[in-house]
Amino acid sequence: MLHLKLKRKLPYRPTERMNVVSYPIRDIVMEAKREEAKGKQMIYLNIGDPPLYGFRPFGAIAERVKRALDENCQGYAPSEGDEQLRAAVAQIEKCSPDDVFIVAGLTEGIDFFFHAFIGFGEKVLLPNPAYPLYLSKAKQFEGDTVFYRHDGDGQIDVANLAKKIEGAKAMVIINPNNPLGAVYSEKNLSDVVHLCAEYDVPIFYDGSYDQLVFEGKPVDFRKIARRKVPFIYGSSLSKCFNYPGARLGWVAFHGDKWEEVKNAFFLLCNQRLSVNWEYQKAASAAITDPSYPAYLADIKGKLLERRNAFIRITRKMPLTYPVPNGAFYAFIKIESKKWKKDLEFVRAALHQGVVFVPGSGFGRQEDGVYFRTTFLPEPDVIEAAFSRIGKIL
Ligand SMILES: Cc1ncc(COP(=O)(O)O)c(C=O)c1O
């Protein structure tokens with residue numbers, strides 16, 4: 001009895017499973033809010049959320065959502081996705097609508113991929129650095145993460161990959177890469193595809209930023225990989241359409257080996273019932289709208305301007321990074337000897353009123369101290385932020 005009473009007084013505790021759940025891009029915000037509560041004005045450069053920095057979402061989306069509210073989509077949508085949207089995505093992907101699944105942001109697609117395909121101890125090749133969700137999901141599903149490297153130009157180091165690829169269950173490619181902003185060349189991707197084909201390693205291709213290449217030639221990975229290696233192509237409305245709040249993404253299976261994995265995706269989709277139907281209608285409208293190329297050109301022009309301003313502002317500081325040619329991030333190495341640990345630096349930056357993400361959140365960085373910033377804000381905001389941290393470098 002006494003034992004029971006004592007037990008009741010203890011606070012409830014989350015499960016052990018939670019020990020591996022993390023998302024460093026937002027986890028740092030809790031600390032930032034504490035600083036803000038003390039009266040400090042913070043500049044948030046931790047998250048790639050375009051509308052937060054004045055990038056307007058593609059107009060066709062909101063227009064179509066409003067119309068959809070008056071249509072008959074109050075019930076659950078089909079679990080695997082709205083028929084019309086699956087057909088529209090299939091047109092882009094050049095696959096069958098049966099190969100397409102609609103997900104609540106690519107986030108859910110990544111979760112489903114690990115859940116359905118990566119088992120205990122199975123090797124998954126991730127880029128280093130990698131978008132943190134991949135690290136967390138690999139841990140949650142008990143996969144064995146093996147990192148592959150980039151060369152000095154931000155391209156996939158194929159020789160390094162060749163040493164690690166044997167026995168891998170899957171390889172993840174993020175292009176343009178978050179956090180590097182690197183855009184892989186056709187040759188680089190083609191070399192990787194050949195290697196994966198040789199070792200029968202399928203690819204999960206994260207195309208979240210695939211339209212956002214503002215310098216150099218954009219590549220269509222599907223053309224490079226089709227009929228050479230099985231792959232899954234994922235994207236969403238979040239970045240290329242500037243509408244992360246829509247929580248709308250898709251994955252498309254390519255190649256003829258996926259039947260059982262697609263069945264697993266069906267089960268996972270069924271389990272969570274469906275994705276918001278109005279935004280699915282809106283996604284169909286958005287991805288087929290003829291005014292999208294003009295909208296995209298405008299967005300890319302702005303990103304290029306902001307990237308250039310970012311380079312100008314940081315040029316004289318003890319900071320180095322591969323020049324980002326896509327997406328809207330830079331992965332920065334601190335060249336001053338002052339900082340030994342990225343978290344200490346990020347905390348010191350917080351005290352100066354600037355929020356970054358520590359490099360370790362993107363995987364272990366052995367050769368130095370790194371952090372990630374976005375360059376989405378107006379140049380005067382970037383200037384203010386970097387002049388604040390100039391004091392602590
Ligand atoms: C590389 C990458 N993949 C996936 C996502 C998830 O995007 P969403 O769930 O908004 O589609 C993000 C978000 O920042 C990302 O950067």
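Domain 1 and domain 2 bury about 2,700 Å² between them, and 62% of that sits on carbon and sulfur atoms (buried area is the accessible area, with a 1.4 Å probe, that two parts lose on being put together, summed over both). On the domain 1 side, Val20, Asn325 and Phe362 supply 19% of the area buried against domain 2, more than any other three residues.

A word on what you're looking at: this is a predicted model, where local features need pLDDT of at least 70, side-chain atom pairs count only at pLDDT 80 or more, and totals for chains, interfaces and linings use all residues. Residues are numbered from 1 along each chain as its sequence is written, and side-chain values use heavy atoms, with hydrogens and water left out.

So where are the two domains? Domain 1 takes in 17-55 + 293-390, while domain 2 is 59-288; the bounds come from an automatic or database domain assignment. Their C-alpha centres lie 25 Å apart. Across the boundary, 34 residues of domain 1 are in contact with 29 of domain 2 (heavy atoms within 4.5 Å).

Arginine 307 and glutamate 215 meet in a salt bridge, at 2.9 Å from N to O.

On the side of domain 1 that touches domain 2, helix H2 (24-37), helix H12 (292-314) and strand E10 (329-334) each give two or more residues. H12 gives the largest share, seven residues. Helices (H or I, at least four residues) and strands (E, at least two) are DSSP runs, numbered from the N terminus.

Conventions:
A salt bridge is a side-chain nitrogen of Lys or Arg within 4 Å of a carboxyl oxygen of Asp or Glu.
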